[in-house]
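Here are my notes on the model, as numbered points. Please read them with the structure open.

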Amino acid sequence: MRDIAEALLALLPADVGYADVRVVHRTHEQVLVELDGPGEVGYDDSLGLGLRVVVGGHWGFAATHRLDPRGLDAVIAQAVGQARAAGGGGRVALGPPVTTRATWSSPMVVDPFEVALSTKLDLLSATVKEASTAGPLVQQIEASVDFYRDHKVFANTEGALIEQTLTESGGGLLVNAGDGNDLQRRSFPQGVPRQIRGQRGDFATAGWEHVMSLGLVENAARVAAEAVALLTAPQCPDEVTTLIAGSNQLAMVLHECAGHPMEADRALGTEASLAGGTYASPERRGNFRWGSPIVSAYADATIPGGLGSFAYDDEGVPAQRTQVIKDGIFLDYMSGRESAAALGLESTGAARADGWQRLPLVRMTNICLEPGESSLAEMIAGTRRGIFVETNRGFSIDDQRMSFRFTTEVGWEIRDGKLGRLLKNCSYESVTPKFWASLDALGGPEEWKLHGVPSCNKGEPLQVAHVGHGTVPGRFQKVQVGR
């Protein structure tokens with residue numbers, strides 16, 4: 001792969017001002033077991049390269065799975081021809097050159113691709129069996145594990161040559177219960193916004209040991225029992241009240257309210273045709289009151305095990321930590337080389353592509369809340385009336401990432417400092433700065449948890465990124481719920 005990358009760059013014509021190539025070998029294995037059904041195994045393997053060039057101040061891009069001399073000649077002709085067709089007179093600014101030469105592999109204890117298929121099927125079958133003990137109202141059970149490996153080489157005309165291998169592992173459980181009048185869902189360890197087969201649960205840049213740490217079998221009966229109990233649970237009340245969001249629910253709110261809005265390319269308008277803009281406009285950087293003074297957040301691609309962790313992004317820029325919110329003030333963006341240069345900044349190393357056939361885009365890495373000084377137990381004990389919600393079910397948000405509505409799989413009423421009845425069909429709505437300004441308590445360091453989300457969508461054509469969120473429970477005052 002190194003030889004291919006270097007050979008391709010050596011073949012470029014003289015009018016290419018800048019070029020980079022990514023050769024990527026991606027492997028994905030999925031194992032899935034359902035109630036009353038045989039196990040399913042899927043295995044995908046792809047190898048190819050993507051070439052970006054700048055000619056006359058314009059970009060050209062092409063990709064191919066043909067890595068022979070004819071394939072290399074063809075991909076160069078396509079990328080260079082595309083840039084030349086723009087007619088010159090353009091300007092691409094990338095900031096300081098990237099010249100790193102390095103090799104890196106993500107750490108793991110047990111290689112998931114070396115674990116026997118029978119072991120994986122046994123784990124998932126045991127999970128399904130435990131969930132089925134919840135009784136005849138359980139209509140669907142799906143337990144799955146997924147494993148990814150990206151072996152990739154990046155090289156550019158500035159002298160960089162970087163080889164990385166990333167291994168990711170995860171799994172989860174979905175239970176649907178129905179009684180003919182209602183259908184309720186419970187997921188574990190966390191929910192997904194759409195009904196998709198597999199690729200759900202919690203993920204990490206790690207090995208088989210992460211799957212074993214999830215406790216799928218141990219939690220299956222409880223999760224299924226909650227799905228059944230939700231069928232007869234009362235509806236979430238329609239009221240303005242105190243809302244306590246659990247760690248995995250707050251991860252999704254952070255994703256939508258801070259992660260996407262603070263991607264620099266969005267602030268520059270490049271997402272407008274598909275996903276909209278952002279309240280985090282450049283003139284608000286450093287002065288916009290995003291939330292309560294007790295809330296700070298950062299993007300960090302260096303966290304061990306984070307699903308958004310790596311050593312170098314897909315432009316060769318080192319992984320790093322960026323403070324995006326400090327004491328409630330919007331402070332900075334996640335960026336790639338071009339978007340950073342357009343803002344007069346240096347890249348934060350957040351440019352990533354979904355495989356060899358896609359262009360690098362600015363993608364969030366691990367977006368994390370700094371923990372506070374409270375705890376979930378203290379928040380509940382200090383609340384006279386409210387609701388506690390967990391496990392995201394769905395959301396909607398406007399194209400500036402301001403007005404939003406989230407729904408959750410499960411909730412509990414809070415009365416006089418104690419958890420009360422189970423509640424179904426819980427929802428809450430607000431506006432980003434208003435919602436985060438109402439935050440009056442955050443869980444402490446002992447409750448901080450890093451969640452891995454393998455389904456962040458962006459771009460046209462669509463790219464799916466794997467991201468992480470480190471969060472704690474939080475309490476918000478005067479929130480509209482249940483409407």
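1. Strands S10 (residues 297-300) and S15 (residues 366-369) run antiparallel and are joined by 3 bridges. Within this pair, Ala299 stands opposite Ile367 in S15. Keep in mind throughout that this is a predicted model.

2. Helix H6 (residues 247-259) packs on the sheet. The helix touches strand S11 (321-326), S15, S21 and strand S22 (463-471). The direction of H6 makes about 120° with that of S22.

3. Now the sheet as a whole. It is open, has 6 strands and shows mixed pairing. The order is S12-S11-S10-S15-S22-S21. Which strands stand at the edges? They are S12 (329-330) and S21 (449-458). Each has a single partner strand, so one side of each is left without a neighbour in the sheet.

4. Next, the nonpolar interior. In soluble globular proteins, nonpolar side chains tend to be buried together. Here the largest nonpolar core has 49 residues. Met262, Trp290, Tyr428, Phe435 and Trp436 have the most contacts inside it. Which element gives the most to this core? Helix H6 does, with 6 residues.

5. Trp436 deserves a look of its own. Leave aside its neighbours within four places in sequence. Trp436 is then in contact with Leu250, Val253, Leu254, Cys257, Trp290, Gly291, Ser292, Val295, Leu369 and Phe476. Of these partners, Leu250, Val253, Leu254 and Cys257 fall in the H6 range, 247-259. Leu369 belongs to S15, residues 366-369.

6. Another core, of 27 residues, lies apart from the largest one. Leu124, Val138, Phe188 and Val211 are among its residues. Phe188 comes up again under the cis bonds below, where a peptide bond joins it to Pro189.

7. On to the largest pocket. Its volume is about 690 Å³. The lining has 33 residues, of which Asp265, Thr270, Glu338, Pro360 and Leu361 lie nearest the centre. Strand S3 (58-64), helix H8 (337-342) and strand S14 (361-362) each supply at least two residues of the lining. Which element provides the largest share? That is H8, with 5 residues.

8. Check two cis peptide bonds. Most peptide bonds are trans. Pro189 sits in the loop between strand S7 (183-188) and strand S8 (202-204). Another cis bond joins Glu460 and Pro461, with omega about 5°. Pro461 is found in the loop between S21 and S22.

9. Look at the hairpin of S17 and S18. Strands S17 (residues 403-415) and S18 (residues 418-423) pair in the antiparallel sense over 4 bridges. Ile414 has Leu419 in S18 as its bridge partner. The hairpin has 2 residues between the strands, and there Asp416 takes a positive phi near 55°. Is Asp416 buried or exposed? Asp416 is exposed, with a relative accessible area of 64%.

10. Asn425 also needs a check. Most residues other than glycine have a negative phi. Phi of Asn425 is positive, near 55°. Asn425 lies in the loop between S18 and strand S19 (426-431). With 35% relative accessibility, Asn425 counts as partly exposed, because that class runs between the buried limit of 20% and the exposed limit of 50%.

Conventions
Residues numbered from 1 in each chain as written. Predicted model: local features only at pLDDT ≥ 70, side-chain atom pairs only at ≥ 80, totals over all residues. Heavy atoms only, no water. Pairing = 2+ DSSP bridges. Contact = heavy atoms within 4.5 Å. Axes fitted to C-alpha atoms, helices over the stretch in contact; angles between N-to-C directions. Core = buried A, V, L, I, M, F, W, Y, C linked by side-chain atoms within 4.5 Å. Buried < 20%, exposed > 50% of the residue type's maximum accessible area, 1.4 Å probe, protein only. 1 Å grid on protein atoms, 1.4 Å probe; cavity = no way out; pocket = protein on both sides within 12 Å on 5 of 7 lines; lining within 4 Å. Points joined across faces, edges and corners; volume = space filled by probe spheres on them.
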